[in-house]
Amino acid sequence: MNFSITPIGYLETPFETVNNMPIQPSVVASSEGKAILYHEFAAGLKDLDGFSHIILLFLLHKIEGYQLEVVPFMDNVPHGVFATRSPKRPNRIGMSIVRLERIEDNIIYFKGVDMLNESPLLDIKPYYSYFDNREDVRNGWLEGKVLPPERLKSDNRFNK
């Protein structure tokens, strides 16, 4: 089955390339970005401003191809792509939980940027702690890892 997805807008961020971009929104939680919705979708923002955090789904538009095994930023050995947050995914969909700062018309101002400038925005969902927080969590191969600062930013390993 094939299907198509139409972007609802795009993201404005300070990052033009993957190199040295934070690998997760919490790494540089103060970094600022904007989600700019196309005007025909702006009415869908009603009541979103009551949430402190939102989930942004976007296209990893500068990533080409995919790999089923990758060496992720946080390790030196290969793992299955679905056990990582590598951008080299079959469907190139990114997801970030960011802090919603404010909404003005069709623009969402947020903090916690870990996506490239002009990334097509696919969807927005509110972060709801009652549903989204979990207890008894296992962290797989990441369990107990303490990462040095230089491992919290991307490098060029996924540029090709």
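Tutor: T13 counts as buried because its relative accessibility is 9%, where buried means under 20% relative accessible area with a 1.4 Å probe and protein chains only. This is a predicted model: local features need pLDDT of at least 70, side-chain atom pairs count only at pLDDT 80 or more, and totals for chains, interfaces and linings use all residues. Residues are numbered from 1 along each chain as its sequence is written, and side-chain values use heavy atoms, with hydrogens and water left out.

Student: Where is T13 found?

Tutor: In the loop between β1 (9-12) and β2 (32-37); strands here are DSSP runs of E, at least two residues, numbered from the N terminus.

Student: Which backbone nitrogen does the T13 side chain reach at 3.3 Å?

Tutor: That of F15. The backbone nitrogen of N117 also lies 2.9 Å from a polar atom of the T13 side chain.

Student: New topic. In what order do the strands close into a barrel?

Tutor: The 6 strands run β1-β2-β7-β6-β3-β8, with antiparallel pairing; two strands pair if DSSP finds at least two bridges between them.

Student: And how many bridges between β3 and β6?

Tutor: β3 (residues 53-59) and β6 (residues 93-104) pair over 7 bridges. One of the partners is V98 in β6, bridged to I54.

Student: Which residues line the second largest pocket?

Tutor: F3, S4, I5, P7, L59, N91, I93, P120 and L122.

Student: How many of the lining residues are charged?

Tutor: None; the lining has 7 nonpolar and 2 polar residues.

How values were computed
On a 1 Å grid over the protein atoms alone, a cavity is a set of points where a 1.4 Å probe fits but cannot get out, and a pocket is an open set with protein on both sides within 12 Å along at least five of seven lines; lining residues have an atom within 4 Å of a point. Ala, Val, Leu, Ile, Met, Phe, Trp, Tyr, Cys and Pro count as nonpolar, Asp, Glu, Lys and Arg as charged, and the others, Gly among them, as polar. Helices (H or I, at least four residues) and strands (E, at least two) are DSSP runs, numbered from the N terminus. Buried means under 20% relative accessible area, exposed over 50%, partly exposed in between (1.4 Å probe, protein chains only). A polar contact is a pair of N or O atoms within 3.5 Å; within protein, one must be able to donate a hydrogen and the other to accept it, and residues adjacent in sequence count only if both atoms are side-chain atoms.
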